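Hi there,

Here is the structure I promised to send over. My notes on it follow below; please have a look when you get a moment.

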Amino acid sequence: MPHREAAVVAFASGKGGTGKSFLTTSLAIALHRRGRRVVVVDCDFGLANAHLLFGVKPVYTMRNVLDGGVTTEQSLTATPHGPMLLAGGSGIASLCELDAGHMALVARSMQWLARSFDVVLIDSPAGLAPQALLMALAATHVVVVTNPEIAALTDAYALIKCLSRQPGCPELHLAVNRVLEPGLGLLTYERLAAVSKQFSGCSLHYVGEIAEDPAVTHRRLGQEPLLVSHPTCRTSLAIQRMLATMQQQMAGLEPIVCTGGGIDQRMTAQLARW
Amino acid sequence: MMRAPILLQSRERLWPVVRERLDAIELGLELVLDGLDCSHGQHGFVDGLARDGAGAPVLVLLAVEGDPLLLPRVMSAAEFLARNEQALVHAVPEGNYCRGAVARILVIGTEAANAELAALQRLGLRERGLPGLELCRLEPFRLAGTERFAVSWIDVAGPAVGVTGAPIQEPAAPSAKSLASPMPAAATDDPSDGRVAGDVRQAKSDGAADDGRFEELLDHGRSELWQLVEVLCDRLDPAVRIEREGLRRRITWQGRPLGQVVCRDGGLRATAASGQEHTLLSKSDVRVFGDQLVRRYAELAGLRSHCSVAAPTNGVAAARGSSAGAPPVPSSFDGNGSTPRVQVRNAAVSRSQPPARDTLRSAMVEAMLSPEEFAALAESQNAAMPEEPPG
Ligand SMILES: Nc1ncnc2c1ncn2[C@@H]1O[C@H](COP(=O)(O)OP(=O)(O)O)[C@@H](O)[C@H]1O
Ligand SMILES: [Mg+2]
């Protein structure tokens with residue numbers, strides 16, 4: 001039965017701290033303002049912090065879903081800025097070590113979310129853990145978030161190389177965050193794209209750069225997201241531009257019609273390779 | 001043309017068939033010795049002394065049609081067990097019995113012996129003291145030209161199950177296991193066409209006599225591990241079932257086997273659908289077995305074809321469209337691996353498995369950067385930030 005499913009974008013990175021959560025939550029707010037029903041899924045199970053960036057205190061998290069205590073719908077937290085959040089179980093060590101059975105449950109949750117929202121944004125776990133690869137491979141698009149430094153770059157490339165070799169790998173996009181001077185993002189992209197093409201034979205799409213902005217780093221807990229408090233500042237405008245580029249590259253981020261299996265089947269297919 | 005039933009009614013014809021197939025009747029049951037005389041005389045004749053998967057002695061008796069001695073024989077066997085249960089450990093060293101394991105009596109009959117089985121059932125129900133009496137009935141039938149037999153267990157602790165005439169329980173669908181394990185040619189009793197016979201097990205009802213033994217035999221640690229397996233199955237899919245069958249727990253999804261766990265000598269032996277075996281000693285063993293269950297589940301859900309679409313960079317369209325179900329590959333755990341048919345099936349299973357390297361974990365290893373890749377990225381870094389000293 002053909003059915004409609006949300007565009008599912010996974011924000012991934014080879015190493016932590018590149019700004020995945022910042023970008024995911026900011027883009028979610030921007031998308032909501034464009035009239036889309038958006039949900040953010042915090043899959044950074046070890047270091048979940050999307051709820052902090054949204055300024056909410058979730059009653060339920062992914063952990064409750066995995067324990068079978070609540071349904072996916074019950075587990076959602078409404079944020080003051082529009083998007084819904086399925087919070088990650090922050091600081092719960094056991095969740096860092098998800099097994100295939102857990103991921104099968106995550107797959108069912110994702111299916112429900114994809115059928116209930118227009119856009120699903122996944123704040124992926126950092127690194128190359130199986131669950132990170134699984135989330136990325138199940139998405140319709142992957143945005144690899146990197147910084148221009150060599151350490152972030154090599155980790156981003158490792159992720160790209162790894163993902164691109166997997167059957168069923170979605171389109172790969174690159175966002176460069178925390179750039180110190182304008183244009184450095186594009187340069188970083190060009191080099192990374194060249195190396196990816198040369199050594200791994202894969203293409204990357206550039207979604208844009210965000211400057212290093214002390215206003216982001218120095219935000220205090222409970223403060224509104226930058227996009228809300230300073231919608232016209234340089235960083236907020238860059239976020240808006242990034243969203244526009246993503247929409248261009250990702251079929252408008254419109255829901256897709258699935259003739260075969262949806263996200264749960266894509267996840268289950270990858271689970272066969274756990 | 002009338003075909004002779006494979007299980008002829010004489011003890012001489014039936015016993016050779018049954019003694020070869022004890023393991024198919026109850027997993028882990030093996031014959032130790034034929035012909036035990038436990039009370040000096042015709043009342044004391046027991047067809048075979050066996051050892052079950054838990055290391056307990058089992059006195060096996062055949063029930064054949066019109067056998068007036070069956071009842072006294074069973075009574076004699078029960079008395080013998082009551083007297084000598086623990087002494088058997090020493091008296092029959094070839095049995096390799098476990099000290100403290102509870103002995104029992106297993107009576108095996110065919111449909112022709114329904115009246116005898118029913119009488120025994122009544123006896124078992126009345127004589128609560130009769131230690132561990134178990135009854136089962138073999139029912140031969142033909143499938144795809146081969147003779148099979150179904151095993152149905154007769155409840156001696158509750159209401160009658162299928163002992164009066166027509167079977168009350170529907171025979172279970174042939175399991176992949178039984179289809180994949182044709183009866184050894186030597187055991188066939190249908191010389192007219194030389195075809196081999198297998199068996200189909202009918203899962204015991206939840207209330208059946210020894211189903212709780214699996215859990216009882218586990219010590220605290222093993223019991224926790226088994227509970228972990230149960231939780232895992234529960235999580236996987238509501239359609240995943242754990243079928244209780246004596247000392248075996250078969251894990252199935254929509255009737256198709258994902259794996260099984262057997263309690264053997266107080267330990268837990270898990271077998272994945274691929275045939276890979278694990279002794280479950282720790283949580284990480286359970287995790288490894290669980291991963292294989294999930295993988296099998298994903299395969300059976302018809303999803304492997306999706307993964308086999310090689311699409312390095314632009315696989316979205318190709319991969320998204322394919323959800324066609326790969327034909328389920330029958331698995332063959334505990335099948336008799338020596339027959340060519342089974343080997344073919346095993347080969348089919350291994351073909352459907354990802355090669356050892358093709359897993360998400362192996363992909364992580366492949367992500368290691370080569371010196372050339374690293375140099376190319378570092379070079380680009382220097383080009384992007386020419387002011388930085390090269391490092
Ligand atoms: N453009 C930026 N400018 C300055 N600081 C940033 C920027 N983007 C992210 N940060 C900071 O970097 C840190 C890591 O960001 P976060 O989004 O949590 O990364 P991740 O989710 O990838 O681990 C946070 O302290 C955040 O405030
Ligand atoms: Mg984060």
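α1(A) gives the largest share of the shell around ligand 1, three residues (helices are DSSP runs of H or I with at least four residues, strands runs of E with at least two, numbered from the N terminus). This is a predicted model, where local features need pLDDT of at least 70 and side-chain atom pairs pLDDT 80 or more, while totals for chains, interfaces and linings use all residues. Residues are numbered from 1 along each chain as its sequence is written, chains are lettered from A and ligands numbered from 1 in the order written, and side-chain values use heavy atoms, without hydrogens and water.

In chain A, α1 (20-33), β8 (171-179), β9 (205-211) and α10 (214-217) each supply at least two shell residues. Altogether 16 residues surround ligand 1 (a heavy atom within 4 Å), and Gly17(A), Lys20(A), Ser21(A), Phe22(A) and Asn177(A) are the closest.

Now the polar contacts (N or O pairs within 3.5 Å). The side chain of Arg178(A) places an N or O atom 2.9 Å from an oxygen of ligand 1. A nitrogen atom of the ligand is 2.9 Å from a side-chain N or O atom of Thr217(A), and a backbone N or O atom of Asp213(A) lies 2.9 Å from a ligand nitrogen. On its own, ligand 1 exposes 560 Å², of which the protein buries 82% (Shrake-Rupley, 1.4 Å probe).

Elsewhere, the whole structure has three aromatic pairs (ring centres within 6.5 Å; planes under 30 degrees apart are stacked, over 60 edge-to-face, the rest tilted). Tyr189(A) and Tyr206(A) count as stacked because their ring centres are 5.0 Å apart and their planes at 25°.

Best wishes

Notes. A polar contact is a pair of N or O atoms within 3.5 Å; within protein, one must be able to donate a hydrogen and the other to accept it, and residues adjacent in sequence count only if both atoms are side-chain atoms. Rings of Phe, Tyr and Trp (its six-membered ring) pair if their centres lie within 6.5 Å; planes under 30 degrees apart count as stacked, over 60 as edge-to-face and the rest as tilted.
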